[in-house]
Amino acid sequence: MFRHLSLLLLACGLAAPAASQSLALRNATVVDVTDGTLLRGRTVLINGPRIAAIGPADALPVPPGTTVVEAEGAFVIPGLWDMHVHTFNNNSLQPPNTWTLPLYLANGVTGVRDMWVKPGAQAEQVRTWQQELDAGSFVGPRFGAIGTLVDGPPPIQKSDTVSTAAEAAAFVATLAEGGIDFVKSYSRLSPEAYHGLVAAARAAGIEVAGHGPNSLSTFEVAEAGQRSIEHLTGVHETCSSQEEALRAEGVQAFDEPGRVVSTFDPAKCASLYARLAEREVWQVPTLITNRVWTADARIEDLLLDEGRLYTPTWEAAEWGWVESFLAWTPPDDRAAYEALYRLEQRIVGEMHAAGVPILAGTDFGNPYIYPGFSLLDELGELVESGLSPLAALQAATLDPARYLDRTDDLGTVSEGRLADLVLLDANPLDDIEHVRQIRAVVMNGRLFTSDDLARMKQEVLVGHYREALTQPAPLGVQPLDEAAAERLVGAYRDVDTGNEAEVVLDGGELRAAFGDWVDALEPLGGSLFRVTGTNVVYLFQPEPEGPARGFEINDGDTVMVFERVR
């Protein structure tokens, strides 16, 4: 059970509608997400932040002075939850990214679980927001739990690392009073460090959720007592008939998708499902994030997604490498990623059928994943994977409440529960896409009409434009001097890792190839280049005469140094 359960309401400088002491949603259809029953012709009475009563509209009296919303034709569901977000997005340049928070609410997402909040200032910020929630000052989602990330060295993200059980115990000790609800385990933890982490967290009353480490089978992760597994990490390899070889070679599903798909063992995976269900290890598959890499993820579709409109330019500028990947990946490799994604959908559907608990989450903070918008997409992906619309809806309402041990407060439209509600213009049990037809949102007892929600989204756009006006103008792309570029062509080696890169001049374009990965480089002047469409820069070190002696890659945080080898 989470100890801190930080419940908060946030905004991006947008004033909340005045709180109503009493609110009535009259003549609505209440969706009982426990079993799919539709309670038609109901009035939902709300007093302060909680639901006071629910009854037939022709029998339940509405107290004088109550604000009445005529809700005939509307379907009332519990507020939606995104159970895997990175609102602080500690790999971005500008945490905590408060521009995201009204967008959750505008899409009916009234609660989130944040997977990486750093102890100290960030956790303290969460506590401050909680106080502002209590005061009714801000607008946005509730935070049901906050975690912090730890990995093995060298870390994949810019996170803390532990190598031994003793280091893991010391790390957990720093969290005990830091306002952190759980530890997010990550992929490079060693078996010793992982088991030490789980033991120390259990002793401290803190749960472990996150990635299954690359070094361990998902069976071992389940036995250790990890509460949730994100993105199906480790599941693909555990379900392979070549699991031992894959782990020995350090191969993950994304490294060799064709091999993982071709060695999928249904009987072995069925045994895993049974163990996960028995141990109640929750799965947060974040299918919408995985789909970005598939063959049907076209660049033009990614660029035209409505959520991208509300993403600040400085954030979207970091995503150009994904567009490069999609543009340069050979068709056969794209087809392999597509097959891997379809296997993931199959696994999710089979998990659900086997009784493995599923939660809806998006992994917001990753490229082309948007606050609120992508949670609605994820519900569609869950249905496509074999869940019924009711089961998908439960994964974003009732089941988050169960996971958080908050069913007395959250997860259903019931008397005494917190008034976090969404009014839809169509029945989501008929078609999960109906969750997009939002008539109104009630957050902590406050009503937000469709006009309010549209205004919130507009304010986010205005904020981005204001911010853009304060930023220095970017360097302009210059014509390529091919004679100078010829001196940059050659083979280079990363001085830290030994990985090689080949710089080539092809058709008037300079490119850097790292095996199958290719960066197209735009000249910014002199020996400075950037990866097309991104803020990642290459700085070459040319000699007065002859070829360049090396180059550096700088992404704004990390610098990689390459020296010429031939």
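**A. Glu 338 is buried, with a relative accessible area of 17%.** Buried means under 20% relative accessible area, exposed over 50%, and partly exposed in between (1.4 Å probe, protein chains only). Arg 342 is partly exposed, at 29%. The two side chains form a salt bridge, with the closest N and O atoms 2.8 Å apart. A salt bridge here is a side-chain nitrogen of Lys or Arg within 4 Å of a carboxyl oxygen of Asp or Glu. Both residues sit in helix H15 (residues 331-353), 4 residues apart, about one turn of the helix. Helices (H or I, at least four residues) and strands (E, at least two) are DSSP runs, numbered from the N terminus.

The model is predicted: local features need pLDDT of at least 70, side-chain atom pairs count only at pLDDT 80 or more, and totals for chains, interfaces and linings use all residues. Residues are numbered from 1 along each chain as its sequence is written, and side-chain values use heavy atoms, leaving out hydrogens and water.

Arg 113 and Glu 230 pair in a salt bridge. The N to O distance is 3.0 Å. Arg 113 belongs to strand E7 (residues 109-114) and Glu 230 to strand E12 (residues 228-230), so the pair ties together parts that are 117 residues apart in sequence. Both Arg 113 and Glu 230 are buried. The count of salt bridges comes to 27. Side chains of opposite charge can pair when their charged atoms come close.

**C. Glu 223 and Arg 275 form a salt bridge.** Their closest N and O atoms are 3.1 Å apart. Distant parts of the chain are linked: Glu 223 lies in helix H5 (residues 218-224) and Arg 275 in helix H9 (residues 266-279), 52 residues apart. Glu 223 is partly exposed, at 40% relative accessibility. Arg 275 is also partly exposed, with a relative accessible area of 27%.

**D. Helices H9 and H15 cross at roughly 50°, their axes coming within 10 Å.** That angle makes H9 oblique to H15. Axes are lines fitted to C-alpha atoms, for helices over the stretch in contact; angles run from 0 to 180 degrees between N-to-C directions. Angles under 35 degrees count as roughly parallel, over 145 as roughly antiparallel, 65 to 115 as roughly perpendicular, and the rest as oblique. The crossing is right-handed. From H9, Pro 266, Tyr 273 and Leu 276 make the contact; from H15, Arg 346, Ile 347, Glu 350 and Met 351 do. Contact means heavy atoms within 4.5 Å. A crossing is right-handed if the near helix is turned clockwise from the far one by less than a right angle, and left-handed if anticlockwise.

**E. His 211 is buried, with a relative accessible area of 7%.** His 211 sits in the loop between strand E11 (207-210) and H5. A polar contact of 3.4 Å joins its side chain to that of His 231. Such a contact is a pair of N or O atoms within 3.5 Å; within protein, one must be able to donate a hydrogen and the other to accept it, and residues adjacent in sequence count only if both atoms are side-chain atoms. Leaving aside residues up to four places away in sequence, His 211 touches Lys 184, Ser 185, Tyr 186, Ser 187, Gln 226, Glu 230, His 231 and Thr 233.

Ala 165 lies in helix H3 (residues 165-173). Ala 165 is partly exposed, at 29% relative accessibility. Beyond residues up to four places away in sequence, Ala 165 touches Glu 192, Ala 193 and Gly 196.
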